[in-house]
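Try each one before you read the solution.

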Amino acid sequence: MLKQKRYENNLGTKGISIEAQDKLLNSKVLIMGAGGLGSGVLMNLCALGVGQIKIIDEGIVSETDFNRQIIHKMKNIGRARVISAKDWINEFNPDVKVELDKIRIDELNYFNVIQGYDIIVDCFDTYEAKFMLNEIALRHKKILIHGKVSGFNGQVTTIVPDKTGCLSCVIQKPAAFKPEQKTELSPIVSTIAGMQSAEVLKVITGIGTPLLNRMVMYDGFKGEFRHIAFSKNPACRDCSKSGEF
Ligand SMILES: [Zn+2]
(Lines give C-alpha, C1' and ligand atoms only; values in the text may rest on other atoms or scores of the structure.)
Protein backbone atom coordinates (compact mmCIF):
# COMPACT_ATOMS: atom_id res chain seq x y z
CA MET A 1 0.00 0.00 0.00
CA LEU A 2 1.25 3.41 -0.90
CA LYS A 3 1.40 5.80 2.01
CA GLN A 4 0.81 8.83 -0.13
CA LYS A 5 -2.37 9.05 -2.16
CA ARG A 6 -0.71 11.59 -4.41
CA TYR A 7 1.24 8.85 -6.24
CA GLU A 8 -1.70 6.48 -6.80
CA ASN A 9 -2.11 7.52 -10.40
CA ASN A 10 1.52 6.75 -11.21
CA LEU A 11 0.82 3.08 -10.60
CA GLY A 12 -0.07 0.64 -13.33
CA THR A 13 1.40 2.85 -16.02
CA LYS A 14 3.46 0.50 -18.22
CA GLY A 15 4.88 -1.49 -15.33
CA ILE A 16 5.15 1.19 -12.66
CA SER A 17 4.57 -1.02 -9.62
CA ILE A 18 4.64 -0.14 -5.94
CA GLU A 19 8.26 -1.35 -5.99
CA ALA A 20 9.03 1.08 -8.83
CA GLN A 21 7.34 3.89 -6.92
CA ASP A 22 9.42 2.98 -3.86
CA LYS A 23 12.55 3.25 -5.99
CA LEU A 24 11.49 6.76 -6.93
CA LEU A 25 10.72 7.68 -3.33
CA ASN A 26 14.17 6.45 -2.27
CA SER A 27 16.04 8.08 -5.15
CA LYS A 28 18.29 11.12 -5.19
CA VAL A 29 18.69 13.31 -8.26
CA LEU A 30 21.07 16.20 -8.83
CA ILE A 31 19.70 18.98 -11.04
CA MET A 32 22.29 21.28 -12.55
CA GLY A 33 20.54 24.58 -13.20
CA ALA A 34 17.26 26.02 -11.91
CA GLY A 35 16.39 27.96 -15.04
CA GLY A 36 14.10 26.88 -17.86
CA LEU A 37 14.94 23.18 -18.11
CA GLY A 38 15.54 23.01 -14.37
CA SER A 39 12.04 24.40 -13.71
CA GLY A 40 10.40 21.73 -15.84
CA VAL A 41 12.53 18.89 -14.51
CA LEU A 42 11.91 19.93 -10.89
CA MET A 43 8.16 20.03 -11.42
CA ASN A 44 8.09 16.60 -13.01
CA LEU A 45 10.40 14.91 -10.50
CA CYS A 46 8.44 16.32 -7.56
CA ALA A 47 5.20 15.10 -9.16
CA LEU A 48 6.66 11.63 -9.79
CA GLY A 49 7.81 11.36 -6.18
CA VAL A 50 11.60 11.46 -6.40
CA GLY A 51 12.62 11.44 -2.74
CA GLN A 52 15.53 13.84 -2.71
CA ILE A 53 16.62 16.57 -5.08
CA LYS A 54 19.71 18.75 -5.04
CA ILE A 55 19.62 21.96 -7.03
CA ILE A 56 22.72 23.79 -8.22
CA ASP A 57 22.40 27.30 -9.63
CA GLU A 58 24.31 30.51 -9.25
CA GLY A 59 21.66 32.91 -10.52
CA ILE A 60 19.03 35.19 -9.10
CA VAL A 61 15.44 35.47 -10.29
CA SER A 62 14.93 38.26 -12.81
CA GLU A 63 11.98 39.36 -14.91
CA THR A 64 13.59 38.22 -18.17
CA ASP A 65 13.53 34.62 -16.85
CA PHE A 66 9.76 34.41 -16.76
CA ASN A 67 9.24 33.54 -20.44
CA ARG A 68 10.42 30.00 -19.67
CA GLN A 69 11.42 29.56 -16.01
CA ILE A 70 7.94 28.76 -14.81
CA ILE A 71 8.53 27.74 -11.19
CA HIS A 72 9.79 31.20 -10.23
CA LYS A 73 7.38 33.86 -9.06
CA MET A 74 7.43 37.64 -9.28
CA LYS A 75 7.65 37.98 -5.49
CA ASN A 76 11.05 36.25 -5.72
CA ILE A 77 12.68 38.71 -8.13
CA GLY A 78 16.14 39.44 -6.76
CA ARG A 79 16.30 36.25 -4.64
CA ALA A 80 18.52 33.29 -5.41
CA ARG A 81 16.97 30.93 -7.94
CA VAL A 82 17.82 27.95 -5.71
CA ILE A 83 15.78 29.50 -2.86
CA SER A 84 12.92 30.28 -5.21
CA ALA A 85 13.03 26.68 -6.49
CA LYS A 86 12.92 25.33 -2.96
CA ASP A 87 9.91 27.54 -2.20
CA TRP A 88 8.08 26.00 -5.14
CA ILE A 89 8.93 22.45 -4.08
CA ASN A 90 7.91 23.03 -0.45
CA GLU A 91 4.53 24.34 -1.56
CA PHE A 92 3.91 21.59 -4.11
CA ASN A 93 5.36 18.51 -2.41
CA PRO A 94 6.82 19.05 1.06
CA ASP A 95 7.79 15.36 1.27
CA VAL A 96 10.64 15.93 -1.20
CA LYS A 97 13.94 16.51 0.58
CA VAL A 98 15.80 19.43 -0.97
CA GLU A 99 19.46 20.34 -0.93
CA LEU A 100 20.71 23.59 -2.42
CA ASP A 101 23.99 25.06 -3.54
CA LYS A 102 24.17 28.58 -4.93
CA ILE A 103 27.37 28.10 -6.80
CA ARG A 104 28.82 28.25 -10.29
CA ILE A 105 30.45 24.88 -10.58
CA ASP A 106 33.85 24.55 -12.18
CA GLU A 107 36.68 22.04 -12.36
CA LEU A 108 37.95 23.05 -8.92
CA ASN A 109 34.79 23.16 -6.80
CA TYR A 110 32.48 20.49 -8.20
CA PHE A 111 33.62 17.52 -6.13
CA ASN A 112 31.57 18.11 -2.98
CA VAL A 113 28.59 19.17 -5.08
CA ILE A 114 28.18 15.77 -6.74
CA GLN A 115 28.84 13.61 -3.67
CA GLY A 116 26.01 11.21 -2.89
CA TYR A 117 24.25 11.63 -6.24
CA ASP A 118 24.48 9.08 -9.06
CA ILE A 119 22.09 10.73 -11.51
CA ILE A 120 22.76 14.23 -12.82
CA VAL A 121 20.26 16.11 -14.97
CA ASP A 122 21.98 18.66 -17.19
CA CYS A 123 19.76 21.75 -17.16
CA PHE A 124 22.57 24.18 -17.93
CA ASP A 125 22.10 26.43 -20.91
CA THR A 126 25.54 26.66 -22.57
CA TYR A 127 27.57 24.03 -24.36
CA GLU A 128 30.63 25.13 -22.40
CA ALA A 129 28.94 24.12 -19.12
CA LYS A 130 27.49 20.98 -20.70
CA PHE A 131 30.82 19.66 -21.95
CA MET A 132 32.38 20.34 -18.56
CA LEU A 133 29.56 18.40 -16.90
CA ASN A 134 30.01 15.58 -19.41
CA GLU A 135 33.65 15.23 -18.33
CA ILE A 136 32.79 15.39 -14.63
CA ALA A 137 30.05 12.76 -14.99
CA LEU A 138 32.36 10.43 -16.92
CA ARG A 139 35.18 10.87 -14.43
CA HIS A 140 32.97 9.95 -11.47
CA LYS A 141 30.73 7.38 -13.23
CA LYS A 142 27.53 9.38 -12.85
CA ILE A 143 24.60 8.92 -15.21
CA LEU A 144 24.04 12.17 -17.11
CA ILE A 145 20.68 13.13 -18.60
CA HIS A 146 21.56 15.68 -21.26
CA GLY A 147 19.08 18.25 -22.54
CA LYS A 148 19.54 21.37 -24.63
CA VAL A 149 17.19 23.96 -26.07
CA SER A 150 17.78 26.60 -28.70
CA GLY A 151 14.82 28.50 -30.09
CA PHE A 152 12.31 26.03 -31.52
CA ASN A 153 14.78 23.14 -31.30
CA GLY A 154 15.75 20.80 -28.51
CA GLN A 155 17.58 17.54 -27.86
CA VAL A 156 17.83 14.84 -25.19
CA THR A 157 20.05 11.83 -24.57
CA THR A 158 21.08 9.67 -21.60
CA ILE A 159 24.80 9.07 -21.08
CA VAL A 160 25.92 6.08 -19.00
CA PRO A 161 29.69 5.99 -18.40
CA ASP A 162 31.44 2.91 -19.83
CA LYS A 163 28.18 1.84 -21.51
CA THR A 164 27.18 4.53 -23.99
CA GLY A 165 28.88 7.19 -26.01
CA CYS A 166 29.19 10.58 -24.34
CA LEU A 167 28.28 14.11 -25.37
CA SER A 168 31.59 14.47 -27.21
CA CYS A 169 30.87 11.27 -29.15
CA VAL A 170 27.70 12.74 -30.63
CA ILE A 171 28.50 16.46 -30.80
CA GLN A 172 31.92 17.70 -31.74
CA LYS A 173 33.34 19.75 -28.92
CA PRO A 174 34.54 23.09 -30.29
CA ALA A 175 38.15 24.12 -29.74
CA ALA A 176 36.86 27.35 -28.20
CA PHE A 177 33.38 28.15 -26.93
CA LYS A 178 31.62 31.22 -28.27
CA PRO A 179 28.96 33.16 -26.36
CA GLU A 180 25.54 31.63 -27.08
CA GLN A 181 22.38 33.57 -27.74
CA LYS A 182 19.66 32.62 -25.27
CA THR A 183 16.54 32.06 -27.29
CA GLU A 184 14.43 29.68 -25.30
CA LEU A 185 10.69 29.29 -25.72
CA SER A 186 8.64 27.87 -22.88
CA PRO A 187 6.77 25.16 -24.86
CA ILE A 188 10.03 23.80 -26.29
CA VAL A 189 11.76 23.99 -22.90
CA SER A 190 8.80 22.15 -21.31
CA THR A 191 8.94 19.41 -23.96
CA ILE A 192 12.66 18.80 -23.47
CA ALA A 193 12.40 19.00 -19.66
CA GLY A 194 9.56 16.48 -19.82
CA MET A 195 11.66 14.11 -21.89
CA GLN A 196 14.62 14.49 -19.51
CA SER A 197 12.28 13.70 -16.61
CA ALA A 198 11.01 10.59 -18.41
CA GLU A 199 14.64 9.49 -18.77
CA VAL A 200 15.16 9.94 -15.02
CA LEU A 201 12.02 7.88 -14.37
CA LYS A 202 13.21 5.04 -16.64
CA VAL A 203 16.76 5.02 -15.27
CA ILE A 204 15.60 4.90 -11.63
CA THR A 205 12.85 2.31 -12.05
CA GLY A 206 14.49 0.19 -14.76
CA ILE A 207 11.35 0.22 -16.89
CA GLY A 208 11.07 1.34 -20.50
CA THR A 209 13.85 2.09 -22.96
CA PRO A 210 16.14 4.98 -22.05
CA LEU A 211 17.75 7.04 -24.79
CA LEU A 212 21.07 5.18 -24.73
CA ASN A 213 23.29 5.88 -27.73
CA ARG A 214 20.35 7.77 -29.22
CA MET A 215 19.75 11.49 -29.20
CA VAL A 216 16.21 12.71 -29.78
CA MET A 217 16.10 15.90 -31.82
CA TYR A 218 12.89 17.92 -31.54
CA ASP A 219 11.96 20.55 -34.08
CA GLY A 220 9.04 22.39 -32.55
CA PHE A 221 8.70 24.68 -35.56
CA LYS A 222 7.82 21.76 -37.82
CA GLY A 223 6.44 19.54 -35.06
CA GLU A 224 8.92 16.78 -35.86
CA PHE A 225 11.03 14.38 -33.82
CA ARG A 226 13.99 12.45 -35.17
CA HIS A 227 16.72 10.29 -33.64
CA ILE A 228 20.46 10.37 -34.11
CA ALA A 229 22.07 7.00 -33.36
CA PHE A 230 25.63 7.11 -32.07
CA SER A 231 28.07 4.91 -30.21
CA LYS A 232 31.11 5.20 -28.00
CA ASN A 233 33.97 6.53 -30.10
CA PRO A 234 37.16 4.65 -29.13
CA ALA A 235 39.12 7.80 -29.96
CA CYS A 236 36.85 10.15 -27.98
CA ARG A 237 39.01 12.48 -25.94
CA ASP A 238 36.46 12.51 -23.12
CA CYS A 239 34.97 9.04 -22.65
CA SER A 240 37.87 6.97 -23.99
CA LYS A 241 39.88 8.08 -20.97
CA SER A 242 37.09 7.76 -18.39
CA GLY A 243 38.34 4.38 -17.17
CA GLU A 244 41.73 5.82 -16.29
CA PHE A 245 40.59 7.88 -13.34
ZN1 LIG B 1 32.80 10.18 -25.81
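**Exercise 1.** Are cysteine 169 and cysteine 236 buried or exposed?

*Solution.* Bear in mind that this is a predicted model. The cut-off for "buried" is under 20% relative accessible area. Cysteine 169 is buried, and cysteine 236 is buried too.

**Exercise 2.** Work out which atoms hold the zinc ion, and what geometry they give.

*Solution.* Start with the donors: the SG atoms of Cys166, Cys169, Cys236 and Cys239 lie 2.2 to 2.4 Å from the zinc ion. Next, look at the angles. The four donor atoms subtend 93 to 125° around the zinc ion, so the arrangement is tetrahedral. Now read the spacing along the sequence, which is C-x2-C-x66-C-x2-C.

**Exercise 3.** Find which residues form a nonpolar patch on the surface, and locate leucine 185.

*Solution.* The patch consists of Phe152, Leu185 and Phe221, with about 310 Å² of accessible area together. Leucine 185 sits in the loop between H6 and helix H7 (186-205). Its relative accessibility is 33%, so leucine 185 counts as partly exposed.

**Exercise 4.** Judge whether the radius of gyration of the protein chain agrees with that of a compact globule.

*Solution.* For 245 residues, a compact globule would have a radius of gyration near 18 Å; the protein chain has 17 Å, which agrees. As for burial, 52% of the 245 residues are buried. The secondary structure comes to seven helices and eight strands.

How values were computed
Residues are numbered from 1 along each chain as its sequence is written. This is a predicted model: local features need pLDDT of at least 70, side-chain atom pairs count only at pLDDT 80 or more; totals for chains, interfaces and linings use all residues. Side-chain values use heavy atoms; hydrogens and water are left out. Donors are N, O and S atoms within 2.8 Å of the metal (3.2 Å for Na, K and Ca); water is not among the atoms, so sites may look incomplete. Four donors count as tetrahedral if all angles lie between 85 and 135 degrees; four count as square planar and six as octahedral if opposite donors are over 155 degrees apart and all others between 65 and 115; anything else is irregular. Buried means under 20% relative accessible area, exposed over 50%, partly exposed in between (1.4 Å probe, protein chains only). Patches are made of residues with over 30% relative accessible area and no salt bridge: like charges are joined within 9 Å, nonpolar side chains (Val, Leu, Ile, Met, Phe, Trp, Tyr) within 5 Å. Accessible areas come from the Shrake-Rupley method with a 1.4 Å probe; for residues, only the protein chains shown count as cover. A salt bridge is a side-chain nitrogen of Lys or Arg within 4 Å of a carboxyl oxygen of Asp or Glu. Helices (H or I, at least four residues) and strands (E, at least two) are DSSP runs, numbered from the N terminus. The radius of gyration is taken over C-alpha atoms; the globule rule is 2.2 Å times the number of residues to the power 0.38.
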